[in-house]
Structure formats: C-alpha cells, structure tokens
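Please read these points with the model open beside you. They go through a few positions in turn.

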Amino acid sequence: MKRKFTLFRLHFTAPLHLGNEREDYTQSLGMIHSDSLYAALTAALFKVGWKPPEDFAGNLGFTISSLFPFYQKDASEPAVYFFPKARKQEMLDESLLERHKQIKKIQWLEKSMFEKHIKGEPLTDFYKANQAETDQPQYIKGDYLCTQKIPENFISRQVFPRVKVSRDGQKDAEPFYMERLFFADNSGMFFLAKGNTTRLEKGLEILEDEGIGTDRNVGNGFFKFEKDSLELELPEKADYKMNLSLFLPESRESLEKMLDDKAAYTFKKRGGWISTPPYNTIRKNRIYMFEEGSIFKSENAIPSIEGRMVNLKPEPSKLPENLKDIHDIWRNGEALFIPFNQ
C-alpha cells in the first residue's frame with residue numbers, strides 16, 4: 001500500500017557538528033535525532049514569544065521522524081533519500097561471507113531498497129551485483145546501499161582545532177578538536193512529519209538563522225528548508241513495525257506487548273547539558289530510548305504514532321539555591337512507526 005507523508009528537506013549552508021552522549025567532539029553523529037530537533041523547535045518558538053497552554057507537556061501538535069541523509073546534485077534533479085537499515089541481523093549465503101564486513105558497515109538504504117527491505121525482501125541481489133567484475137559492488141557506497149550513482153563522500157568529515165572554555169569560568173581554556181560534516185552539492189538531511197505542521201514550519205524559519213547542532217555561534221549548522229511530500233510503498237500485511245524516530249514506550253506493559261523473540265532493537269542514551277541561561281552549567285536527567293530502525297511486534301499493518309514525552313528536569317532539591325526555580329525540560333519520545341515484514 002502507498003502512504004504519503006509530509007517531508008522537509010534541510011539544505012545546509014554551513015558545516016555541522018552533532019554531539020554524542022560521550023561529548024566526544026572529535027566525532028560527530030551522522031544524523032539528527034527526532035528529540036533533538038523537537039527540543040530545538042520548542043526553544044525557538046519560546047524565543048519569539050509563543051505562549052503554550054497551561055497544561056503544556058511538551059507536545060507541539062505534530063510528530064516527526066529523525067533526520068536522515070539525502071543526496072541531490074542540484075535543485076533541478078530529484079533527491080535520493082536514504083532510510084536507516086533495520087536493527088535485525090541479516091543472514092548471508094556463503095558467496096557473500098567474504099564481504100561480511102563491507103555489508104555489515106551499511107547503515108543507509110536508498111528509498112527503493114528500503115521499500116523492499118521493510119517488505120521482507122532480501123537485499124542479497126544488490127550485494128552480489130557486479131561481484132565478479134569489480135572489487136566492490138556498484139550499489140555499495142561506503143555506509144550507503146543505493147541503485148543510483150552518487151558520490152561516496154557527498155557527506156564528508158573534517159576535523160578542526162577549537163578551544164574549550166569552562167561553563168563556570170573556573171578553569172583555564174583547553175584546546176580540543178572538533179569533527180564537522182560538510183554536504184556536497186545540494187545535499188542535506190530530511191525528515192517526515194505527521195500532524196499540524198504550522199508550528200513546525202515557524203520553528204524551522206527561526207532555526208534557519210540560528211542554526212542547529214554545536215558551535216552555532218561560530219557559523220555552524222545554518223540551513224534552508226523546503227516542504228514537500230513523499231510517498232512510501234508499505235507492506236500490505238505485517239506482524240511487526242519499525243520506528244523512524246527515537247522511541248520511549250508509554251509504559252512497561254505496553255512495551256511487553258511489543259516484544260517477542262523476533263524483536264530487534266538498540267538503545268540510545270539521551271540527556272546532556274541544559275542550554276538555557278542561567279541553567280547551562282546543569283545537566284538534564286538522563287534516559288534511554290529505542291534507536292531508529294528497531295523492530296517490534298505489531299497488531300496491524302498501518303503507520304502509527306506511539307510513545308510519550310518525558311520531563312528531564314533535575315530535582316530542585318539537588319540544585320543550588322539560586323537555580324531551584326528551573327523550568328520543565330520536555331524530551332520527545334513519540335515515534336513515527338511504519339509496518340515491517342520479517
């Protein structure tokens with residue numbers, strides 16, 4: 001069955017650094033998680049005077065996927081969209097065992113291959129393509145599996161020296177190195193959205209000029225966005241589902257219903273520093289969420305939105321006296337799910 005989603009493309013006009021949970025600046029994440037963008041959009045709306053309802057619990061009226069890479073040579077050509085490979089283990093036949101490391105490295109599937117992937121069709125034929133004629137199948141481009149010719153380094157990484165200044169001003173400045181992402185041609189990242197996107201678009205308009213990611217004050221993370229639509233061919237029948245956003249179950253009981261011996265998942269720790277002055281010397285509470293591409297048992301074969309918001313505000317009793325009036329810090333664990341066939 002075909003389902004249409006609202007799509008937003010971010011064309012980056014500046015380098016980008018995405019911090020990880022280890023705060024290792026020498027490495028940047030290769031994607032923007034859904035909760036990070038949601039938090040940035042919320043903060044942007046507050047900055048321009050948006051007043052939420054009194055019972056506001058973090059929900060802005062829409063749900064988004066995480067941001068995934070796309071390649072586009074120029075604005076006149078269609079974009080090539082990449083989706084995350086499922087977390088499940090794929091069995092390889094003997095003829096592919098020597099390419100196991102190369103195949104294991106693949107993280108992203110071009111849209112047409114992703115549609116086969118979620119229907120349960122094996123990707124073996126693509127792994128074998130031109131195997132006898134070349135050292136590397138033409139469909140494998142580093143972390144990417146695709147049917148089209150794309151530059152292998154359309155997203156490149158470079159490391160630059162920087163200086164770290166302590167948050168409280170009590171320590172000397174320290175040199176360190178930061179990895180930044182650069183996007184070739186008209187490439188960037190995209191995400192899918194469901195719900196009323198009016199606030200989403202307003203937030204993106206603000207973030208265009210503020211940037212996203214780390215070191216925005218020195219020119220990182222600026223972009224231009226476009227709104228579009230994308231049609232995905234989904235399985236007609238499926239007993240499993242796959243999340244395209246970070247996912248936080250609503251309860252232990254609801255999670256237990258989603259797990260069986262074929263479920264496959266990994267976790268991502270979320271937390272970090274509070275970005276709002278004067279609280280930016282304080283850490284948020286930490287929580288684990290299910291990573292994108294995890295596979296869970298499902299009762300039907302239709303796209304769904306599941307999960308919940310969580311407040312990561314530290315306990316006021318553990319904060320200095322002058323910072324006890326800290327605001328709520330909502331983190332979005334609502335995820336966009338699509339059907340998946342094992």
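1. Helices (H or I, at least four residues) and strands (E, at least two) are DSSP runs, numbered from the N terminus. The model is predicted, so that local features need pLDDT of at least 70 and side-chain atom pairs count only at pLDDT 80 or more, whereas totals for chains, interfaces and linings use all residues. Residues are numbered from 1 along each chain as its sequence is written, and side-chain values use heavy atoms, with hydrogens and water left out.

2. Tyr 265 lies in the loop between α6 (252–258) and β13 (267–270), and Tyr 265 is partly exposed, at a relative accessible area of 37% (buried is under 20%, exposed over 50%, and partly exposed in between, with a 1.4 Å probe and protein chains only). Together with Leu 259, Phe 267 and Tyr 288, Tyr 265 forms a nonpolar surface patch of about 410 Å² accessible area (Shrake-Rupley method, 1.4 Å probe, only the protein chains shown counting as cover). Patch residues have over 30% relative accessible area and no salt bridge, with nonpolar side chains (Val, Leu, Ile, Met, Phe, Trp, Tyr) joined within 5 Å and like charges within 9 Å; a salt bridge is a side-chain nitrogen of Lys or Arg within 4 Å of a carboxyl oxygen of Asp or Glu.

3. Ser 298, in the loop between β15 (295–297) and β16 (304–306), is buried, with a relative accessible area of 11%. Its side chain reaches the backbone oxygen of Asn 300 at 2.7 Å.

4. Phe 160 belongs to strand β8 (residues 155–164) and is partly exposed, at 26% relative accessible area.

Notes. Polar contact = N/O pair within 3.5 Å; in protein donor to acceptor, adjacent residues only side chain to side chain.
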